Amino acid sequence: MNSKKRNQWLLAVGIVAAATLVPAFRPTASPAPQRRDFDVVARKYAYDPPILTVNQGDEVHIRFGSKDVVHGFYLEGYDIDALADPGKKQFGFR
């Protein structure tokens, strides 16, 4: 195959490959906001669950408790600062 035909073939393959990848990079629509409820339990050097995943616009409710000693919970930017004593009823905030 001469170099001109080879370049045309490579260009065609590149266009087909790009056309198949374009749908993979389209932004997806954001899901509708919903209420998310979490029970977060603090224990020595950890929170369970360690990560809370929400979408922008969701209404987030967190119940916070402790298993072993007094633990704190601070959410920067939301002025939420809480303490949980072990063995006491969990409390919530949103």
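**Figure 1. Contacts across the chain, seen as a whole.** Of the contacts in the chain with a separation of 6 or more, 44% are between residues 24 or more positions apart; here a contact means heavy atoms within 4.5 Å. The model is predicted, so local features need pLDDT of at least 70 and side-chain atom pairs count only at pLDDT 80 or more, while totals for chains, interfaces and linings use all residues. Residues are numbered from 1 along each chain as its sequence is written, and side-chain values use heavy atoms, with hydrogens and water left out. The chain has one helix and six strands, and their order along the sequence is α-β-β-β-β-β-β. These elements are DSSP runs numbered from the N terminus: helices are H or I with at least four residues, and strands are E with at least two. Of the 94 residues, 16% count as buried. Buried means under 20% relative accessible area, exposed means over 50%, and partly exposed lies in between, with a 1.4 Å probe and protein chains only.

Figure 2. Start with β1 and β3: the two run parallel and are joined by eight bridges. Two strands are said to pair if DSSP finds at least two bridges between them. Look for Val40, whose bridge partner in β3 is Phe64. Strands β1 and β2, in contrast, run antiparallel, with three bridges joining them. Here Ala42 has Tyr47 in β2 as its bridge partner.

**Figure 3. The turn between β1 and β2.** The hairpin of β1 and β2 has two residues between the strands. Which residue of this hairpin takes a positive phi? The answer is Tyr45, with a value near 65 degrees, and this residue is not a glycine. Tyr45 sits in the loop between β1 and β2. Is Tyr45 buried or exposed? Tyr45 counts as exposed because its relative accessible area is 78%.

Figure 4. A search of the whole structure finds three salt bridges; the term means a side-chain nitrogen of Lys or Arg within 4 Å of a carboxyl oxygen of Asp or Glu. In general, side chains of opposite charge can pair when their charged atoms come close. In this view Asp39 forms a salt bridge with Arg63, and their closest N and O atoms are 2.8 Å apart. The pair links distant parts of the chain, with Asp39 in strand β1 and Arg63 in strand β3, 24 residues apart. Asp39 is partly exposed because its relative accessible area is 43%, and Arg63 is partly exposed too, at 45%.

Figure 5. The side chains of Arg36 and Asp58 meet in a salt bridge, 2.9 Å from N to O. This pair also links distant parts of the chain: Arg36 is in strand β1 (residues 35–43), Asp58 is in the loop between β2 (46–48) and β3 (59–66), and the two are 22 residues apart. With a relative accessibility of 12%, Asp58 counts as buried, whereas Arg36, at 22%, is partly exposed. Arg35 forms a salt bridge with Asp37, with the closest N and O atoms 2.9 Å apart. Arg35 counts as partly exposed because its relative accessibility is 49%.

**Figure 6. Pro49 and Asn55 in the loop between β2 and β3.** Pro49 is placed in this loop, and a cis peptide bond with omega of about 5 degrees joins Asp48 to Pro49. Asn55 lies in the loop between β2 and β3 as well. Which residues does Asn55 touch, not counting those up to four places away in sequence? They are Pro31 and Arg36. The C-alpha atoms of Asn55 and Pro31 are separated by 7.7 Å, although the residues are 24 apart along the chain. Asn55 is partly exposed, with a relative accessible area of 29%.

**Figure 7. Asp79 between β4 and β5.** Asp79 is found in the loop between β4 (71–75) and β5 (80–84). Although Asp79 is not a glycine, its phi is positive, at about 55 degrees. Asp79 counts as exposed because its relative accessibility is 72%.
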